[in-house]
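Me: I would like a close look at one part of the chain shown here, followed by how that part sits in the whole.

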Amino acid sequence: MLLKSLHGVSRLGVRFYRKLIDPLDLLTGIEKRELLAHLAGDCDPFRILSIKKGPGTRERPNLIPSSNSSRLICCHCTESDNHLKFMWLHQGDPKRCGCGYWFELCPIAPL
Ligand SMILES: [Zn+2]
């Protein structure tokens, strides 16, 4: 549909063809890095998808990836709960949720 509208004849009777512009040429900054990550196969470049909780003990806490020194996380403590418990995690300071699971920030490279 879009391709058809880009081909045609001008008022002077000259046929013209326009090339579609590659979105990568238009994007800059973090949007471009996000698109490049998607093209490279990383479907969650900002690490915002939920993770499955592991053992979550003091010795083996659930690792939460973050490129910043702190991150707001939420814990769905039990399957029957209808609410989430939010808490701030800070680098180097593991934290225990009220349900008993431990969480620790895991530094990753920024996008
Ligand atoms: Zn919890």
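Is Pro 107 buried or exposed, and what is its relative accessible area?

Reply: Pro 107 is exposed, because its relative accessible area is 55%, where exposed means over 50%, buried under 20% and partly exposed in between (1.4 Å probe, protein chains only). This is a predicted model, numbered from 1 along each chain as its sequence is written, in which local features need pLDDT of at least 70 and side-chain atom pairs count only at pLDDT 80 or more, while totals for chains, interfaces and linings use all residues. Side-chain values use heavy atoms, with hydrogens and water left out.

Pro 107 belongs to strand S7; strands (E, at least two residues) and helices (H or I, at least four) are DSSP runs numbered from the N terminus. Although Pro 107 and Pro 65 are separated by 42 residues in sequence, their C-alpha atoms lie 5.8 Å apart in space.

The segment after S7 contains Leu 111, which counts as partly exposed because its relative accessibility is 32%. Together with Ile 30, Phe 46 and Ile 48, Leu 111 makes a nonpolar surface patch of about 370 Å². Such patches are made of residues with over 30% relative accessible area and no salt bridge, nonpolar side chains (Val, Leu, Ile, Met, Phe, Trp, Tyr) being joined within 5 Å and like charges within 9 Å; the areas come from the Shrake-Rupley method with a 1.4 Å probe, and for residues only the protein chains shown count as cover.

Arg 47 has a positive phi of about 55 degrees although it is not a glycine, and most residues other than glycine have a negative phi. Its side chain forms a salt bridge with Asp 42, the closest N and O atoms being 3.3 Å apart, where a salt bridge is a side-chain nitrogen of Lys or Arg within 4 Å of a carboxyl oxygen of Asp or Glu. A search of the whole structure finds 1 salt bridge. Arg 47, with a relative accessible area of 30%, is partly exposed, and Asp 42 is also partly exposed, at 25%.

Taken as a whole, the chain has 3 helices and 7 strands, in the order α-β-β-α-α-β-β-β-β-β along the sequence. Its radius of gyration is 23 Å, well over the 13 Å that the globule rule gives for 111 residues, so the chain is more spread out than a compact globule; the radius is taken over C-alpha atoms, and the rule is 2.2 Å times the number of residues to the power 0.38. The C-alpha atoms fill a box of roughly 75 × 30 × 20 Å along the principal axes, and 17% of the 111 residues count as buried. Leu 26, in helix H2 (residues 23-26), is exposed, with a relative accessible area of 60%, and its C-alpha atom is separated by 45 Å from that of Pro 55, 29 residues apart along the chain.
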